[in-house]
Amino acid sequence: MSLILFGINHKTAPVSLREKFSLAPQRLREELLRWRQELSLSEILMLSTCNRFEVYTASPKEDGESARLRERFALLGAGEVLYQYREPESVSHLFQVACGLDSMVVGEGEILSQVKEAYRIAHEARTTDKRLNVLFQRAIFVGKEARTKTGIGMGNISVGSVAATLALKIFGDLSKKTVLVAGAGKMSEKALKHLLSFGPERVYLVNRTFENAQEMAARFSGVAVPWEKLEEALFACDIAIISTGAERFLITQEQVMRRQLKAPGRALFLIDISVPRNVEPSIGSLDNVYLYNIDDLQAIADENLGKRQNEVAKAGAMVSRHVEEFMGWYRSLGGGAREVSLKHR
Amino acid sequence: MELGLFYTAFAGYLLGFSASWNSIFKRDAVWKKMALAATAAALALHLLAFGMRFGQVGFVPVTTLFEVLSIFGLLIAAIFVGVTLFDGEPVLGVFILPLVLLCVGGALFADKSIASVIPALRSNWRNIHVPVLFSAYACFASATACGVAFLIQQREIKGKRLTAFSESLPSLEALDGWNARLIMTGYPLLTLGVTLGAVWAHQAWGRYWGWDPKETWALITWIVYTIYIHMRLIIGWRGKKSVYLSLAGFAIVLFTFFGVNYLLSGLHSYVEG
């Protein structure tokens, strides 16, 4: 009986090599069938993401599949950088992967859906049987549990998502709010994308070069606003992402005070991503105005990442418990003794 | 029997409060559910106890300190359950439920015997005037709790020092909104209560208004909340300024209620200590 894993990931192999192994979901099915046939494997499942490529196999009786797999990986150029495990380490590794403990960003959620998808494809292709079925079902369960019972996946860890969460904390519902983006840049676009996922009513794009504003407006279904109308747009918006190359303060205290006088209750969330800062810092002390610059956002993101790191031990302990439980079931399959039932708690 | 129900209700409120406190720091959604469920269950028991007392007394029991504190706690708990069911966060219980615990807890130490009601108060007016006013005060108390939550949340977001509080509390706009909504609910009740009081006063004492301390301070309360509504609706105040005004209003409510009874004398002071 064996549960074997062969793989490469972002820790062992450079992206240039990982690229070669990357398989689109459509091709996964034929590769599974091909590998199973060519390498005489009883059960096989492939997990292919941009950060890892892993092959899981199971068989009732070991008969050299390790050697054949190693050969195949070597042929594909990964002989030096692959890792291989057998049970219980292969089980432990998979559970950790599902929990996001083996990811580049600890606790990230995408890996769990990738594991689910990999299982679905292999299951449909009928390249899995009892062992891998139960293993992966359990792995998905553990991945979910880690995210609900520990803080491994909690808190925003990117500047854009931190900004969006703050906007929600201030305004609650963004559906009647207006977002303004002044300037351009990767970071402001990321922040905008996160905000857009909460459905603001209107987006204004302002840029010194009107064509750039128009291009962005087209991409984000917003309204391009000429540079001269920046103050007007500022008065009309609730959330402003400022990210221009201006050398001096673009948004002044005097401007914002005028805005607040016009509409005393209207809150304003200013996200100043520029370096040097475009928004006069004293604005942050005005009533109903909230000003965050890039350092503030990054500090929150870092703190959240730190909190996730603190949860790693907890999640790791959870994984160990589940590995033990799984192995109890797994071993009961082998001998004449009756199969131990694996309860879903 | 009534007291048994009352003590159990207190335990239920305590459970609800600790559950909402836990929901701030623990991840499991069960704490939020428990906060609402425990408080709702406690409220049901409390209502039963209240009903039993009503039956015994014959009219709305709002004479003794025990009864007053009990009904206050009941009304505020009812508001909490209502707000949470509507679209609130059970985590608001951390701010609203302490008020309930103060009232109901305080009532536990008060004299629980049924008091005889003095002739001046044996009127159907009392059955309406007092509960209506108490409902108004309960609204203002709950509004204040939301206002305090707002100030804490705003301090964290402004100061960029985010804790589990800002993570679990509703948004600033929601908190400010509840502060306003509850005051807007209490305001007509206050207006009605004071008006009914004047009508009753005319019947009992022969004049509509006598600048009795209670009347005077109730009027001052009414004026402050009128200013609140004006600043909010006409001038457009939102956030900190609006909340501070609501806190001022509540301070006057507290004085109108407790201060007048225990510090000043007049026709209204007959609630025994």
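Good morning. S20(B) belongs to helix α1 of chain B, residues 2–25. Helices here are DSSP runs of H or I with at least four residues, strands are runs of E with at least two, and both are numbered from the N terminus. Leaving aside residues up to four places away in sequence, S20(B) touches A35(B), P90(B), V91(B), G93(B), V94(B) and L97(B); contact means heavy atoms within 4.5 Å.

A word on the basis of these values. This is a predicted model, in which local features need pLDDT of at least 70, side-chain atom pairs count only at pLDDT 80 or more, and totals for chains, interfaces and linings use all residues. Residues are numbered from 1 along each chain as its sequence is written, chains are lettered from A and ligands numbered from 1 in the order in which they are written, and side-chain values use heavy atoms, with hydrogens and water left out.

Let me now turn to chain B as a whole. Its secondary structure comprises nine helices and zero strands. How does the radius of gyration of chain B agree with that of a compact globule? For 273 residues such a globule would have a value near 19 Å, and chain B, at 19 Å, agrees with this; the radius is taken over C-alpha atoms, and the globule rule is 2.2 Å times the number of residues to the power 0.38. Along the principal axes, the C-alpha atoms of chain B fill a box of roughly 60 × 50 × 30 Å.

Of the 273 residues in chain B, 54% are buried. Among its contacts between residues at least 6 apart in sequence, 78% join residues at least 24 apart. The chain exposes about 11,700 Å², of which carbon and sulfur atoms supply 70%; accessible areas come from the Shrake-Rupley method with a 1.4 Å probe, and for residues only the protein chains shown count as cover.

Next, the interface. The size of an interface is often given as the accessible area lost when the parts come together. Chain A and chain B bury about 1,800 Å² between them, with 49% of it on carbon and sulfur atoms; buried area is the accessible area, with a 1.4 Å probe, that two parts lose on being put together, summed over both. Which three residues supply more of the area that chain A buries against chain B than any other three? They are K169(A), D287(A) and Y290(A), which supply 32% of it. In total, 27 residues from chain A and 23 residues from chain B take part in the contact.

Finally, some backbone details. In chain A, the peptide bond from E87(A) to P88(A) is cis, with omega near 5°, and P88(A) lies in the loop between β4 (83–86) and α4 (89–99). Another cis peptide bond joins V275(A) and P276(A), with omega about 0°; P276(A) is in the loop between β9 (268–272) and β10 (289–293).

Is N288(A) buried or exposed? With a relative accessible area of 4%, N288(A) is buried. In chain B, W211(B), also not a glycine, has a positive phi of about 55°. W211(B) is placed in the loop between α7 (172–205) and α8 (213–235), and is exposed, with a relative accessible area of 57%.

Note on methods. Buried means under 20% relative accessible area, exposed over 50%, partly exposed in between (1.4 Å probe, protein chains only).
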